[in-house]
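Subject: Structure handover

Hello,

The structure you asked to take over is below. My notes on what was found in it follow.

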Amino acid sequence: MKPVAPGTVIFHRYRGYGVITSVNLLTGWVSARFGAEGRTLDLNLSSDQVQHADGEPILFRRQPPARMPHARLMEMVRDLHRAGYQRLYLYSWPKASGLHWRWHLFTGPRNWMQRPWREGWYGSGAEYNLNPIMGWGDAPGADAQELGSALARFDPQGMAQALGRDQDHTAWFEMVCEALLPDYAFSLGWDQREAQPEGLPVIAVRRGVPDYAGPALPWPPGWAGLWTSVPAIRLLRINPAGVPSDDVR
């Protein structure tokens, strides 16, 4: 489909030719001015039968758009794993406010806590809701293969670091994708005021999707010991004689 943006010439069966003045692709509404009219007309791309100037229909998905890109990212990572890029990892977690989920792709050593940050390889639902792209030259609605190809063109050096084998993580990721896609994604974050959940947290990527009711999923390989190796905290205490002493907790 041709791009739809302000300045696009359109045809409406009752109004004739006009020009789009504003677009909201999250809701499917556009504003357009026809002929010498001084005001704009709001049109819905799902129901008002708007066409491009050459007669090509402008169609808009009727199903609710994804609130977050995590399921599409999971599909892309799974495809790249199958192609030999097994040292590619996806970390996702909720923002402190709980309103959006963040995502972060990284390559090289599988170090969940010290992940290398490359430009364009991370993002947040706060930005995605307003501009539904990943940020590496991809197009809105691109499928898993298109996302992977765009990422390779955007950062070939980064993708080169993902080449290699990580069989444990690849098997875990394949199992999680099989259980969750296309309606759910996983999160590696939880409310730190509570104990770590036994099963992997699962989130729905679209509105109207019921809560996940499938089997509990394990945490990724290498995750179990990350939160149990906290170093002891030494507190300085004053004994009755007025001499400082260490207290290990």
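Asp183 sits in the loop that runs between α5 and β9; helices (H or I, at least four residues) and strands (E, at least two) are DSSP runs, numbered from the N terminus. This is a predicted model, in which local features need pLDDT of at least 70 and side-chain atom pairs count only at pLDDT 80 or more, while totals for chains, interfaces and linings use all residues. Residues are numbered from 1 along each chain as its sequence is written, and side-chain values use heavy atoms, with hydrogens and water left out.

Asp183 counts as partly exposed because its relative accessibility is 28%. The classes are buried for under 20% relative accessible area, exposed for over 50%, and partly exposed in between (1.4 Å probe, protein chains only). Leaving out residues up to four places away in sequence, Asp183 touches Ile203, Ala204, Val205, Arg206 and Val209, where contact means heavy atoms within 4.5 Å. With Arg206 there is a polar contact of 2.3 Å between the side chains. A polar contact is a pair of N or O atoms within 3.5 Å; within protein, one must be able to donate a hydrogen and the other to accept it, and residues adjacent in sequence count only if both atoms are side-chain atoms. Asp183 and Ala204 are 21 residues apart in sequence, and their C-alpha atoms are 6.0 Å apart in space.

Pro182 belongs to the loop between α5 and β9 (184-186). The peptide bond leading from Leu181 to Pro182 is cis, with omega near 10°.

Helix α5 and the cores

His169 is part of helix α5 (residues 167-180). Its relative accessible area is 0%, so His169 is buried. Beyond its neighbours within four places in sequence, His169 is in contact with His81, Leu88, Tyr89, Arg110, Trp112 and Pro221.

The largest nonpolar core has 46 residues, and those with the most contacts inside it are Met74, Met76, Leu90, Leu105, Trp136 and Phe186. At least two residues of this core come from each of α1 (70-82), β6 (88-94), β7 (101-107), α3 (144-154), α5, β9 and β10 (202-204). The most come from α1, which gives six. A nonpolar core is a set of buried Ala, Val, Leu, Ile, Met, Phe, Trp, Tyr and Cys residues joined through side-chain atoms within 4.5 Å.

Not counting residues up to four places away in sequence, Phe186 touches several residues, among them Met74, Leu90, Trp172, Val176 and Ile203. A second, separate core of eleven residues includes Ile10, Val30, Ala32 and Leu41.

Strands

Six of the seven residues of β6 are buried. β6 pairs with β7 in the antiparallel sense over seven bridges; two strands pair if DSSP finds at least two bridges between them. Leu88 stands opposite Thr107 in β7.

An open sheet has five strands in the order β4-β3-β2-β1-β5, with antiparallel pairing. Its edge strands are β4 and β5, each pairing on one side only. Strands β2 (residues 16-24) and β3 (residues 29-34) are joined in the antiparallel sense over six bridges, and the bridge partner of Ser22 in β3 is Ser31.

Gln49 lies in the loop between β4 (41-44) and β5 (51-52). Although not a glycine, Gln49 has a positive phi of about 55°. Gln49 is partly exposed, with a relative accessible area of 48%.

Regards
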